[in-house]
Amino acid sequence: KPRVLLKAATNVRLSVHDWSPDGKWITFSQPETQGTNSPRVISLVSVADGALQKVIGENLSPDTVRFSPDGNYLAYNLARNQIRGSNTQWTNDIYVVDVRTGRRKLAVEHSANERFVGWAPRGSEILFTSEQRGTPGLWSVLVENGETKVFPKLLKGGLEELQPIGVTREG
């Protein structure tokens, strides 16, 4: 039977992102307090009893939070304001956070705009789009224990107007 796990306050927008691989948790983001300028926090809600667990508070791009295949980590975009001369530009970097501890690590940082796509099926790589070489491409970076271990590598370049929606179990 359907049931309510979490009810948002009036005029508060919840963004549901992902279901944990074991089916026990759902990750979502919402403003930490009421108000339009409040930072958004990533939280988990228990499917069994509706218990809440705050993971991390940030000003997030709320469309890209995903569990790693083992359920131990979340990866997400973080928008930041970058000033270049007289121009201001928003870019995204990619972070990985340990679900149990809330410890966050920067996974991908570049002046180009990175967008998190998903975890590779084995959970050892993060896939993302970036314009690091001038045109959009699909990239990957190796992640071990929530930290990147090598420089990102280009998987496929020249991908104009790429709007990824995720990664299949087969990769």
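**Exercise 1.** Determine which residues are linked with Glu 147 in a network of salt bridges.

*Solution.* Step 1: recall the general principle that side chains of opposite charge can pair when their charged atoms come close. Step 2: apply the criterion, under which a salt bridge is a side-chain nitrogen of Lys or Arg within 4 Å of a carboxyl oxygen of Asp or Glu. Step 3: examine the pairs. Glu 147 forms a salt bridge with Arg 103, whose closest N and O atoms are 2.9 Å apart. This pair links distant parts of the chain, since Glu 147 belongs to strand β12 (residues 147-148) and Arg 103 to the loop between β7 (87-98) and β8 (104-108), 44 residues apart. Glu 147 also forms a salt bridge with Lys 105, with the closest N and O atoms 3.9 Å apart. Lys 105 lies in strand β8 and Glu 147 in strand β12, so this pair ties together parts that are 42 residues apart in sequence. Step 4: conclude that Arg 103, Lys 105 and Glu 147 form the network.

The model is predicted: local features need pLDDT of at least 70, side-chain atom pairs count only at pLDDT 80 or more, and totals for chains, interfaces and linings use all residues. Residues are numbered from 1 along each chain as its sequence is written, and side-chain values use heavy atoms, with hydrogens and water left out.

**Exercise 2.** Classify Asp 98 and Arg 100 as buried or exposed.

*Solution.* Step 1: state the cut-offs, namely buried under 20% relative accessible area, exposed over 50% and partly exposed in between (1.4 Å probe, protein chains only). Step 2: Asp 98 has 10% relative accessibility and therefore counts as buried. Step 3: Arg 100 has a relative accessible area of 56% and is therefore exposed. Step 4: note that the two residues form a salt bridge, their closest N and O atoms being 3.4 Å apart.

**Exercise 3.** Explain why strand β2 is described as largely enclosed, and identify its partners.

*Solution.* Step 1: strands are DSSP runs (E, at least two residues), numbered from the N terminus. Step 2: five of the seven residues of β2 (residues 25-31) are buried, so the strand is largely enclosed by the rest of the structure. Step 3: two strands pair if DSSP finds at least two bridges between them. Four bridges join β2 to strand β1 (residues 15-19), in antiparallel fashion. Seven bridges join β2 to strand β3 (residues 40-46), again running antiparallel.
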